[in-house]
Amino acid sequence: MQDDTQSPQETREDPRYLTSVERGLRVLEELASASGPLTLTELSRTTGLTVPTLQRLTATLIEAGYLEKEPETKRYSPTVRTVDLLYSYLSRNEFAKAAWPHLVRLREDLKLDVSLSVPLGNSMIYVHRLPGYRGNFENTLPGKRLPMHLSASGRCYLASKNDQEIHDFLATADLSQITTKSFCEPDAIFSAIISCRANGYCLIDQENSIGLVTLAYPVARGKATVAGVSVHAPIAATPPEVLVERALPSLVAVALAIGSTRA
């Protein structure tokens, strides 16, 4: 496990650091975030690793049961074995377990999709997703990552940082669009984050999924924002201003309850 007091460069110089393990995990992460199976050439382009290196890594991961290769297309994808990792995290993480009953109650009260997400690098990753209506199947799955600047919970998290930290994030993050409504200009994203800080909550209108509006509120432990709880609704049935009026009081109460748990 990486020592939190060390920089990435110091960690790589640690004699205990195994480059081959880091590269294998990089391959799994790229395949997890891709929209579909990838060839070795595509993996080489996204990971920066050579094809011969990837041949060895993918062969090892296939033997270990974490990857499979499509015989006809020569493309690679994760196997069902990777689900074990998600189960292990969710079943043992005290914060995730403590948040669950509050999220269930929120879903039952509002009859909307409910999510809990936490920061991971420049992204937010969904720990819990509870479907409240018949929406997109992919939008109900835990483990999905969204760019932090295009996530309502992510903007809540960024709003807890000072202005310089926000600018530093925007200078290094990939600000590519997900939809035609996604904010991709640094100034526009910065303004949205500052509005989130002023309002105390964040509303995102179809920036990460066309037809979907998301309302999020930060989950804090002491003075630190550690997560975000959000509700999602189809914009055709619930315009943004209606979602705020209807859901914000319950959302705030649940976020405060989750933040006050001892887990």
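I started with E94 and K97, whose side chains meet in a salt bridge at 3.3 Å, N to O. For the term, I noted that a salt bridge needs a side-chain nitrogen of Lys or Arg within 4 Å of a carboxyl oxygen of Asp or Glu. Before going on, I wrote down that this is a predicted model, where local features need pLDDT of at least 70 and side-chain atom pairs count only at pLDDT 80 or more, while totals for chains, interfaces and linings use all residues. Residues are numbered from 1 along each chain as its sequence is written, and side-chain values use heavy atoms, with hydrogens and water left out.

**E94 and K97, continued.** I checked where the two sit: they are three residues apart in helix 6, so about one helical turn separates them. Helices here are DSSP runs (H or I, at least four residues), strands are too (E, at least two), and both are numbered from the N terminus. Next I looked up exposure, where buried means under 20% relative accessible area, exposed means over 50%, and partly exposed is in between (1.4 Å probe, protein chains only). E94 has 45% relative accessibility, so I put it down as partly exposed. K97 gets the same label because its value is 40%.

**Other salt bridges.** How many salt bridges turn up in a search of the whole structure? I got five. One of them joins E22 to R26, with the closest N and O atoms 3.1 Å apart. These two are four residues apart in helix 2, so again about one helical turn lies between them. E22 is partly exposed at 21%, and R26 is partly exposed at 24%.

Then I looked at R197 and D163, whose side chains meet in a salt bridge at 3.0 Å, N to O. This pair links distant parts of the chain: R197 is in helix 9 (residues 186–199), D163 is in helix 8 (residues 163–172), and they are 34 residues apart. R197 is partly exposed at 36%, and so is D163 at 35%.

**Helix 6.** Does the length fit, I wondered, so I worked through it. Helix 6 (residues 94–110) has 17 residues and should span 24 Å at 1.5 Å a residue; its end C-alpha atoms are 25 Å apart, which agrees. The expected span is 1.5 Å times one less than the number of residues. I also found a kink of about 30° at W100, shortly before the proline P101. The bend is the angle between axes fitted to the seven residues ending there and the seven starting there.

The buried residues of helix 6 include F95, A96, L103 and L110. They pack against several elements, among them helix 5 (83–92), strand 3 (113–120) and helix 10 (240–259).

**H102.** Buried or exposed, I asked about H102? It is buried, with a relative accessible area of 16%. Leaving aside neighbours within four places in sequence, H102 is in contact with V254, A257, I258 and T261; contact means heavy atoms within 4.5 Å.

**T50.** I found T50 in the loop between helix 3 (40–47) and helix 4 (51–64). It is partly exposed, at 44%. From T50 to S191 I noted 141 residues in sequence and 41 Å in space, C-alpha to C-alpha.
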